[in-house]
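Reader: I would like to know what stands behind the labels used for this model. Please set each value against its definition.

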Amino acid sequence: MFKKQSTFKLTIKDQYIPLHIEVFPYREGSKVKYSARIPYKISQEGSTLSKQDIASIKEEIKKIVND
């Protein structure tokens, strides 16, 4: 089984967060596992991450995985 793994810099609001990604064969394609510790707070006023921030994080992960 061929597995590819690496750690990348995930950019969130001008802050770099380590993002660990593993890609390995799975059935007829590939499977991806990723992990990152993203600091955020939720309060009555809202969250420190907006929906746009979360969408941006997802897109950055997709770009890395599909590279």
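Reader: What makes a residue count as touching Asp-53, and which residues do so?

Author: Contact means heavy atoms within 4.5 Å. Leaving out residues up to four places away in sequence, Asp-53 touches Lys-13 and Thr-48. The model is predicted, so local features need pLDDT of at least 70 and side-chain atom pairs count only at pLDDT 80 or more, while totals for chains, interfaces and linings use all residues. Residues are numbered from 1 along each chain as its sequence is written, and side-chain values use heavy atoms, with hydrogens and water left out.

Reader: Why is Asp-53 called buried, and where is Asp-53 placed?

Author: Asp-53 has a relative accessible area of 18%. Buried means under 20%, exposed over 50% and partly exposed in between (1.4 Å probe, protein chains only), so Asp-53 is buried. The place of Asp-53 is in helix H1, residues 51-65; helices (H or I, at least four residues) and strands (E, at least two) are DSSP runs, numbered from the N terminus.

Reader: What is the label for Lys-13, buried or exposed?

Author: Exposed, because Lys-13 has a relative accessible area of 53%. Lys-13 sits in the loop between E1 and E2. The phi of Lys-13 is near 50°, a positive value in a residue other than glycine.

Reader: Why is Glu-22 called buried?

Author: The relative accessibility of Glu-22 is 17%, so Glu-22 counts as buried. Glu-22 belongs to strand E2, residues 15-26. With neighbours within four places in sequence set aside, Glu-22 is in contact with Lys-3, Lys-4, Gln-5, Lys-31, Val-32 and Lys-33.

Reader: What is the label for Phe-2, buried or exposed, and which residues are in contact with Phe-2?

Author: Phe-2 has a relative accessible area of 60% and is therefore exposed. Phe-2 is found in the segment before E1. Apart from neighbours within four places in sequence, Phe-2 is in contact with Val-23, Phe-24 and Pro-25. The C-alpha atoms of Phe-2 and Phe-24 are separated by 6.1 Å, although these residues are 22 apart along the chain.

Reader: What makes a space a pocket, and what volume has the second largest pocket?

Author: On a 1 Å grid over the protein atoms alone, a pocket is an open set of points where a 1.4 Å probe fits, with protein on both sides within 12 Å along at least five of seven lines; lining residues have an atom within 4 Å of a point. The second largest pocket has a volume of about 150 Å³. Val-65 and Ile-21 are among its lining residues. E1 gives the most to this lining, with four residues.

Reader: What is the volume of the largest pocket, and which element supplies the largest share of its lining?

Author: The largest pocket holds about 220 Å³ of space. H1 supplies the largest share of its lining, five residues. Lining residues include Leu-10, Tyr-34, Ile-57 and Lys-62.

Reader: How confident is the predictor in the chain?

Author: The chain averages a pLDDT of 86, and 99% of the residues score at least 70; pLDDT is the predictor's confidence in each residue, from 0 to 100. Confidence is lowest in strand E5 (residues 46-47), at a mean of 81, and highest in E2, at 90.

Terms used
Grid points are joined across faces, edges and corners, and a volume is the space filled by probe spheres set on the points.
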